[in-house]
Amino acid sequence: MDAFDFTIEKLGVCKQPSPLHLSMLGDARIAKFVSDEEAVIYDIDQTISSDTVTSTFSRGQLLEKAGPREKIFFNPKKVCVGIVTCGGLCPGLNDVIRSLVMTLWYQYGVRNIIGIPYGYCGFLAEYGYEPIKLDPAAVRHIHLHGGSVLGSSRGGARIDDIMDAIEQLNLNILFTIGGDGTQKGALALHEEAKLRGRILSVIGIPKTIDNDLSFVQRSFGFETAVSRAVLAVSAAHTEAESAINGLSVVKVMGRESGFIAAHTALASGEVNFVLIPEVPFDLEGPEGLWENIKDRMIRRQHAVVLVAEGAGQSLIESSDAVDASGNRVLADIGIYLKARLLELSKRDGLPVNLRYIDPSYMIRGSEANPNDSIYCSRLGANAVHAAMSGRTGLLVSMVHDRYVHVPIKLSVGQRNLVDPDGDLWRDVIIQTGQPPLMVNPQNQDSPIA
């Protein structure tokens, strides 16, 4: 706990009464404002011992609870708000945009709301994009569709140029909807605004379909991604079970974190082998993946392999190339496994009927399911409450099923990963029946790629 400081920065003293008709009293049968004294303990896990252990926490070790405040910082009639969506597509983007606009317009009376087209590139003059005027009519039905009504892009985070554009647009609040790279850009904009002495509230809404942002219990779109991946696995299992020695390989998202693959395996109950970036595996050798597939083929005559896109990168010739967001360009583990498993089956005289399914872009472009839609709606509303109360440099997050504020600098400092020693991966191993580690003895001390 000593390594974390959850203190949230504020632009100044909140002096204006909130236009929301809420209560500060308990048991009044009227929805309440949130007090600045309300907080959530981050580390709730404790070890039981024979002694009674009591803990005290400094204010900076407690997560500030999200929600509307009794006093606000910005004058709704004068404030100008910008919204930008960055990075890859994810179910729920339109739901968040709609929630932001509806809360700003109907709850706070804000009338000057603009959308920035195509991510951070939309701020840059050379692209020639004009801001999009947003109001309830413009966003009323967008949550029924996937994608982002504003468009999205990777890269373009030229901080000085973006801040110049923010000043020209006279923005007082900027909502950044995106993942690790987006929020690093948001943090840089927050710092640049302070250097320039500009009053700017920068509020991040975490979007990463891989669920890999730290201090974020669940990223929006994750549940939809898992539900769509389960459908792909179901089709893969049907194909495998209906063929002689049917072998299906399904690739899902997960550059550095295998949460989608792990949860999909648990939800479907039809996966036999799960491969994730956090756990190494050998393809060949007595303990490797192929020998385990062969063993299952002999016993059950079919198998389903679910692989996250970042798994097994040590097996493939690597590249130093990066994309526009600065992410390492991964080799395609799905195509690699498809080709190599066919080669090995021929070598060992065990012909397989192999099917390869990659539903990634079908998942990314999907509309959000009801649970994600609810989550997006509440994230957007709480982001507006945070901004209007003059908070800045934060992400709106969920921790222990509570909506909280997390400093952006903490969340982008490290990735959220599946713990190979944790209970999630343990449950995956138990359900699939795969070996805990498919690594040959001579490689078991090798670092994870």
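Predicted model: local features only at pLDDT ≥ 70, side-chain atom pairs only at ≥ 80, totals over all residues.
**Entry 1: Ser148.** Residues are numbered from 1 along each chain as its sequence is written, and side-chain values use heavy atoms, with hydrogens and water left out.

Is Ser148 buried or exposed? Ser148 has a relative accessible area of 15%, so I wrote it down as buried (buried means under 20% relative accessible area, exposed over 50%, partly exposed in between, with a 1.4 Å probe and protein chains only). Not counting residues up to four places away in sequence, Ser148 touches Thr85, Leu89, Leu93, Asn94 and Ile97, a contact being heavy atoms within 4.5 Å. With Thr85, the side chain of Ser148 makes a polar contact of 2.9 Å; the term stands for a pair of N or O atoms within 3.5 Å, where, within protein, one must be able to donate a hydrogen and the other to accept it, and residues adjacent in sequence count only if both atoms are side-chain atoms.

Entry 2: Most residues other than glycine have a negative phi. Asn170 sits in the loop between α3 and β9 (173-178) and is partly exposed at 44%. Phe215 also has a positive phi, near 65 degrees; its place is the loop between β10 (201-206) and α5, and it is buried at 6%.

Entry 3: I then followed α5, which has 20 residues and reaches 28 Å from its first C-alpha to its last, close to the 28 Å expected (1.5 Å times one less than its number of residues). Its buried residues, among them Phe222, Val226, Val233 and His237, pack against β11 (246-252), α6 (259-268), β13 (302-308), β14 (353-357), α9 (360-364) and α10 (370-388).

Glu239 lies in α5 (residues 222-241) and is partly exposed, with a relative accessible area of 37%. Which residues does Glu239 contact, leaving aside its neighbours within four places in sequence? I found Ser248 and Arg355, and a polar contact of 3.2 Å joins the side chains of Glu239 and Arg355. I also noted that Glu239 and His302 are 63 residues apart in sequence and 9.3 Å apart in space, C-alpha to C-alpha.

Notes. Helix = DSSP H or I, 4+ residues; strand = E, 2+ residues; numbered from the N terminus.
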